[in-house]
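Colleague: I would like to learn how to read a fold from its coordinates. Could you take me through one model, feature by feature?

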Amino acid sequence: MRGFDEKYADLPDFIEKVTREIWEERGIGGRLHDVYATTIVRAANALIVGDAGVVGATLATLHEFPDRQLVYEDVIWTGNEDDGFLSSHRLISVMRKQNAGAYGPASGALVRSRIIADCVVKDGAISEEWLVRDHGSFATCLGTTPEQLAHDLVAKDLARYGSVQVFTPADDVPGSYVAVVEDSDEARRYAALWAGIWGRKTPALIRDHYHQGAAVHVPCGEVLAGHMDIDRWVISYLASFPDLTLTVDHLIVNCDPGQPVRLALRWSIQATHSGWGRFGEPSGAPVYIMGMTHAYMVGGRITHEWITIDEVAIWKQIIAHKRAE
């Protein structure tokens with residue numbers, strides 16, 4: 001790949017090795033600067049531009065969780081040397097809470113949390129990144145709830161910044177990336193599934209598009225099993241946000257020999273917290289959700305899916321709205 005060190009065999013190899021070089025091998029000031037010098041990072045709870053903010057966030061995390069290990073699961077990708085590449089990296093963060101920090105005092109608790117990160121890569125550097133962590137799993141592993149963790153983080157935000165820190169489109173800065181929604185049978189089928197279930201509020205489509213034994217990984221480390229389990233979880237969200245509008249922001253498909261069809265979807269929701277559901281008593285809060293999903297499809301049906309949402313960021317928006325009122 002032009003502009004990449006020869007030690008990287010392909011884009012998935014680059015993404016996997018760079019992640020390890022920065023975190024496990026502690027290449028924070030060196031390798032991180034090389035890769036993230038001018039990067040726009042859009043996370044569910046922050047917008048960071050340039051490597052200085054990324055370095056600070058990395059060091060703070062490693063102080064609290066010094067044994068952090070990032071376990072590679074998959075990279076779904078597209079692109080070429082001339083136009084650049086886009087990768088969607090799914091991984092699990094495994095670590096122990098060994099020091100005091102943003103997530104409270106040292107407890108020794110073992111934390112597992114899934115992450116999906118989409119990166120625009122060209123000539124060996126990342127220019128844009130979208131990042132969603134399952135902060136709800138952080139909360140449950142630390143012995144609390146996403147709502148209570150959000151209350152704690154809101155208090156820290158107000159003390160440090162004077163405002164609650166979350167990412168919404170109003171905070172965004174322009175980048176060079178042009179959204180890709182792949183034109184293939186599998187992509188169209190999957191986009192129609194999400195538009196139908198979420199956009200048109202039609203959970204009945206679950207039975208048509210998911211294998212009867214489908215395993216779906218959702219926030220707080222929960223794994224759903226089969227149609228009724230998936231239906232229950234979907235309705236809990238639709239009930240909380242009955243006026244939600246869904247936008248498909250990015251969708252790519254990989255069809256590799258010996259593997260299921262692998263899809264990477266980045267999506268966003270604009271909604272009002274106006275109903276009783278997963279997020280409790282209606283507050284009237286305007287909510288923005290940036291989500292990422294990976295799915296495996298066999299014979300036109302979903303067999304495995306990973307829906308990654310930062311529920312702590314959702315609770316922070318609800319809490320901030322209540323405080324403002």
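Modeller: We will go through sheets, helices, a pocket and salt bridges in turn.

Modeller: This is a predicted model, so local features need pLDDT of at least 70, side-chain atom pairs count only at pLDDT 80 or more, and totals for chains, interfaces and linings use all residues. Residues are numbered from 1 along each chain as its sequence is written, and side-chain values use heavy atoms, with hydrogens and water left out.

Colleague: In what order do the strands β2, β1, β6, β5, β4 and β3 form their open sheet?

Modeller: Start with the terms. Strands (E, at least two residues) and helices (H or I, at least four residues) are DSSP runs, numbered from the N terminus. Two strands pair if DSSP finds at least two bridges between them. Here 6 strands form an open sheet in the order β2-β1-β6-β5-β4-β3, with mixed pairing. β2 (46-49) and β3 (69-80) are at the edges with a single partner strand each, so one side of each has no neighbour in the sheet. On average, neighbouring strands are turned by 15 degrees against each other, direction ignored. Such angles come from axes, which are lines fitted to C-alpha atoms (for helices over the stretch in contact), and run from 0 to 180 degrees between N-to-C directions.

Colleague: Which pairs in this sheet run parallel or antiparallel?

Modeller: β1 (residues 40-43) runs parallel to β6 (residues 125-133), joined by 4 bridges. There V41 has E129 as its bridge partner. β4 (residues 84-96) and β5 (residues 110-122) are antiparallel, with 12 bridges. L91 is partnered by I115 in that pair. β5 and β6 are antiparallel too, over 8 bridges, and V121 is partnered by I126.

Colleague: What phi does D123 take in the hairpin of β5 and β6?

Modeller: D123 has a positive phi near 55 degrees, in a hairpin with 2 residues between the strands.

Colleague: What is the strand order of the open sheet that holds β7 to β12?

Modeller: Its 6 strands follow the order β8-β7-β12-β11-β10-β9, and the pairing is mixed. At the edges stand β8 (222-225) and β9 (245-254), each with a single partner strand, so one side of each lacks a neighbour in the sheet. The twist averages 15 degrees from one strand to the next. Within the sheet, β10 (residues 261-272) and β11 (residues 286-298) run antiparallel, joined by 12 bridges. L265 stands opposite T293 of β11.

Colleague: Which strands does helix α6 lie across?

Modeller: Contact means heavy atoms within 4.5 Å. α6 (residues 185-199) lies across β7 (210-218), β9, β10, β11 and β12 (301-308), at about 155 degrees to β9. Helix α8 (residues 226-240) lies across β7, β8, β10, β11 and β12, at about 120 degrees to β8.

Colleague: Where does the largest share of the lining of the largest pocket come from?

Modeller: From helix α3 (residues 51-64), with 8 residues. The lining divides into 29 nonpolar, 10 polar and 8 charged residues (Ala, Val, Leu, Ile, Met, Phe, Trp, Tyr, Cys and Pro count as nonpolar, Asp, Glu, Lys and Arg as charged, the others, Gly among them, as polar).

Colleague: How many salt bridges are there?

Modeller: A salt bridge is a side-chain nitrogen of Lys or Arg within 4 Å of a carboxyl oxygen of Asp or Glu. By this rule there are 21. One of them joins K17 to D13, with the closest N and O atoms 3.1 Å apart. K17 and D13 are 4 residues apart in helix α1 (residues 11-22), so about one helical turn separates them.
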